[in-house]
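This report describes the aromatic side chains of a predicted model.

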Amino acid sequence: MFMSDLSFQKAQKLSGEVLLPGDKSLSHRASLFAALAEGESVIDRFLVSGVTRMMLNALTSLQIPWRLEGERLVVTGQGLHGFREPLAPINCGNSATTIRLLAGALAAAGTPCILDGSAGLRKRPMERITEPLLRMAVPITATAGCAPLHLMKRAAHQPLKEVDYTLPVASAQVKSCVMLAALAADGVSTIREPGPSRDHTERMLFSMGADIRTTKGVVEVYPLTRSLNPLHLSLAGDISSAAFLLVAASIVPGSSICIRDVGLNPTRTGILDALRGMGALIKLENERLVAGEPVGDIHLSSGALKAITVCGDLVVRMIDEFPAFAIAACFAEGVTVVRDARELRFKETDRIAVLCGELQKLGVQLEMFDDGFAIHGKTLKGGVGDGAGDHRIAMSLAIAGLASPEPVIVQHAEILNESFPDFVTQIQTLMK
Ligand code: S3P
């Protein structure tokens, strides 16, 4: 686990193969959904990190028994209505996935609860979940549209109202929140979304026996008529963590790496399409389905990178990868443009403003738009940046140092422990 400032300097080349910890989105879902099942779930390759600890702590507050044995998580699920009222507000830390998915599960359970989080989480928009939940007759209030969220008691036998809801923006967290509440509704709920957000909730709940039907852009959730089956699975590696290694190998000439057993869900593989479009050589091998999720090995060899434009649905399919992608853009020939990405302003930080500000500190010439940015390649020099309370920004700035003319120092880099505590070790493995 890494603490404090982090500095990387020009690397010769990256080579070799690595295996990454489990996917963050899948880890959040597996732990929460296991709590809603009846009986013991065994989840291997669980991501043990800052944000997933928040979900586990929340389960403790709700009196769900769980234990970690290394990367194996064992949860004794108590059923859809099995949460006990917590004695104090639940602190979700920096984790929007925890607060938004938990709100949906608590709505289904009818458990009264206050959900709160860090100063950063308290700034993130929550009316995007309270609005559909209120339509479903969930007794919930936000605080000026943000956390803390107050869920009031509802009798367990009293179903919620089914809903036909169109998401204003593509968001897997909002979709998942509504889906979880819909498990306790009095009829079939329909959720429509404007873009292809990650569909892990659909796949995992379906694998546990829930009646979930999907067609392009529409999810139908049938109320649960029997309890969810426990999970017995090994999670896929995190493609969002892999992205930092892939970009690092793309920008260091002569690199060739392999990342084994990574999740290749098509709603998450936008970064592979983007890097391919820029000229990185990417090959997938050993592709297979594991517990309903596509998994495979990613081979990447560096090639001369050229600028591209990213917009439309591709933005949704790589929504967490823009900090890493921006570093590839810094080493590409030409001007890389990102549009249709206003959602980046509502992540752990305002990722358009903070990312552009930090890159400018390293000498990068760029333009900022309301919904994206344009990066002039080959202008990054190096210098001192800041993690700025955003794990993905910290890791992105760090990998820039592997190929920049001068080293990069990242202050407050310990924030990377939120999602990828192994980051430094994995980079070092590839540098040898
Ligand atoms: C996530 C969904 C995405 C993503 C986040 C994890 C999830 O957020 O940015 O890191 O696990 O459902 P949105 O739903 O807000 O797009």
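One aromatic cluster is formed by Phe8, Phe244, Phe420 and Phe423. The structure as a whole holds 4 aromatic pairs. One of these joins phenylalanine 322 to phenylalanine 325 in an edge-to-face arrangement, with 6.1 Å centre to centre and 85° between the planes. Both of these residues belong to helix H10, which covers residues 322-330. Phenylalanine 322 and phenylalanine 325 are 3 residues apart there, or about one turn of the helix.

The accessibility of this pair can be stated for each residue. Phenylalanine 322 has 0% relative accessibility and therefore counts as buried, since the cut-off is under 20%. Phenylalanine 325 counts as buried because its relative accessibility is likewise 0%.

Phenylalanine 420 and phenylalanine 423 form an aromatic pair that is also edge-to-face, at 5.8 Å centre to centre and 70° between the planes. Phenylalanine 420 and phenylalanine 423 are both buried, and both are members of the aromatic cluster that includes Phe8 and Phe244.

Two arginine residues are placed over phenylalanine rings, as tabulated below.

In summary, the edge-to-face pairs described here include phenylalanine 322 with phenylalanine 325 and phenylalanine 420 with phenylalanine 423.

Definitions and conventions. Residues numbered from 1 in each chain as written. Predicted model: local features only at pLDDT ≥ 70, side-chain atom pairs only at ≥ 80, totals over all residues. Heavy atoms only, no water. Phe/Tyr/Trp six-rings, centres within 6.5 Å; stacked < 30°, edge-to-face > 60°. Helix = DSSP H or I, 4+ residues; strand = E, 2+ residues; numbered from the N terminus. Buried < 20%, exposed > 50% of the residue type's maximum accessible area, 1.4 Å probe, protein only. Lys NZ or Arg CZ within 6 Å of the ring centre and 35° of its normal.
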